[in-house]
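Please keep the structure open while you read.

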Amino acid sequence: MNRIKSVLSSLMLFELLKGMALTGRYMFARKITVQFPEERTPMSPRFRGLHALRRYPNGEERCIACKLCEAVCPAMAITIESEQREDNTRRTTRYDIDLTKCIFCGMCEESCPVDSIVETRIFDYHGEKRGDLVYTKKMLLEVGDKYEAQIAADRAEDAKFR
């Protein structure tokens, strides 16, 4: 009996009709396409995007060159070089993040004792060549300066949940 049923269903093209019915149902349904540059989809508060280096309110960079972020990075995407200043504090001379290696895990952000390196909500950045996605200290500080208000607001909201 099952054999006869399967032969009849294949001759009647039952699967094709089921597929056409499904297509017809979605053809006339409300569309959910987002016109990207003009419209943005809702973003999770835990989204991790482009990195930024932050400064203190007096303008001094926060990074103390402890190199914890470099040590904890599982992808080894961070390179830090430092030197001692006249006032016996350490500061970075080189802070590079290779975004082609980075897996955006957030471990660098969690390990930073002074909240210097953060991952922002920025997701629409690009590079045309591989070298374009190696962010230097200067570039990271510029991102931090530009989006400091948003970063500070995100940090304040995160503190509520901790």
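Is Phe 123 buried, exposed or partly exposed? Phe 123 has 35% relative accessibility, so it counts as partly exposed. The classes are these: buried is under 20% relative accessible area, exposed is over 50%, and partly exposed lies in between, with a 1.4 Å probe and protein chains only.

1. Ground rules. This is a predicted model, in which local features need pLDDT of at least 70, side-chain atom pairs count only at pLDDT 80 or more, and totals for chains, interfaces and linings use all residues. Residues are numbered from 1 along each chain as its sequence is written, and side-chain values use heavy atoms, with hydrogens and water left out.

2. Aromatic pairs. Rings of Phe, Tyr and Trp (its six-membered ring) pair if their centres lie within 6.5 Å; planes under 30 degrees apart are stacked, over 60 edge-to-face, and the rest tilted. The count by this rule is two aromatic pairs. In one, Phe 36 and Phe 123 have ring centres 6.1 Å apart and planes at 50°, so this pair is tilted. Phe 36 sits in the loop between α2 (14-27) and β1, and Phe 123 in the loop between β4 and β5, so the pair ties together parts 87 residues apart in sequence. Phe 36 is partly exposed, at 42% relative accessible area.

3. The other pair. Phe 47 and Phe 123 have ring centres 6.1 Å apart, with planes at 85°, so the pair is edge-to-face. Phe 47 also lies in the loop between α2 and β1, so its pairing with Phe 123, in the loop between β4 and β5, ties together parts 76 residues apart in sequence. Phe 47 counts as partly exposed, at 31% relative accessibility. Phe 36, Phe 47 and Phe 123 form one aromatic cluster.

4. Cysteines. How many disulfides does the structure hold? The number is zero. A disulfide here is a pair of cysteine sulfur atoms within 2.5 Å. Cys 73 is buried, at 13% relative accessibility. Cys 102 is buried too, at 14% relative accessible area.

5. Cys 112. This residue is in the loop between α4 (107-111) and β4. Cys 112 counts as buried, at 17% relative accessibility. The C-alpha atoms of Cys 112 and Cys 69 are 6.4 Å apart, although the two residues are 43 residues apart along the chain.

6. The core. A nonpolar core is a set of buried Ala, Val, Leu, Ile, Met, Phe, Trp, Tyr and Cys residues joined through side-chain atoms within 4.5 Å. The largest one has 25 residues; Cys 69, Ile 78, Tyr 95, Ile 97, Leu 99 and Ile 117 touch the most other members. At least two residues of this core come from each of β1 (51-53), β2 (78-84), β3 (90-98), β4 (117-119) and α5 (137-146). The largest share, three residues, comes from α5. Helices (H or I, at least four residues) and strands (E, at least two) are DSSP runs, numbered from the N terminus.

7. Ile 97. Leaving out residues up to four places away in sequence, Ile 97 touches His 51, Ala 77, Ile 78, Ile 117, Leu 133, Val 134, Tyr 135 and Leu 140. Contact means heavy atoms within 4.5 Å.

8. The sheet. Three strands form an open, antiparallel sheet in the order β2-β3-β5. Its edge strands are β2 and β5 (134-135), each pairing on one side only. Strands pair if DSSP finds at least two bridges between them. Seven bridges join β2 and β3, with Glu 81 opposite Arg 94 in β3. These two strands form a hairpin with five residues between them, and Asn 88 in the turn has a positive phi of about 60°. Two bridges join β3 to β5. Asp 98 stands opposite Val 134 in β5.

9. Helix α1 (residues 2-11) has ten residues, of which zero are buried, so it lies largely in the open. Leu 13 follows α1 and has a positive phi, near 55°.
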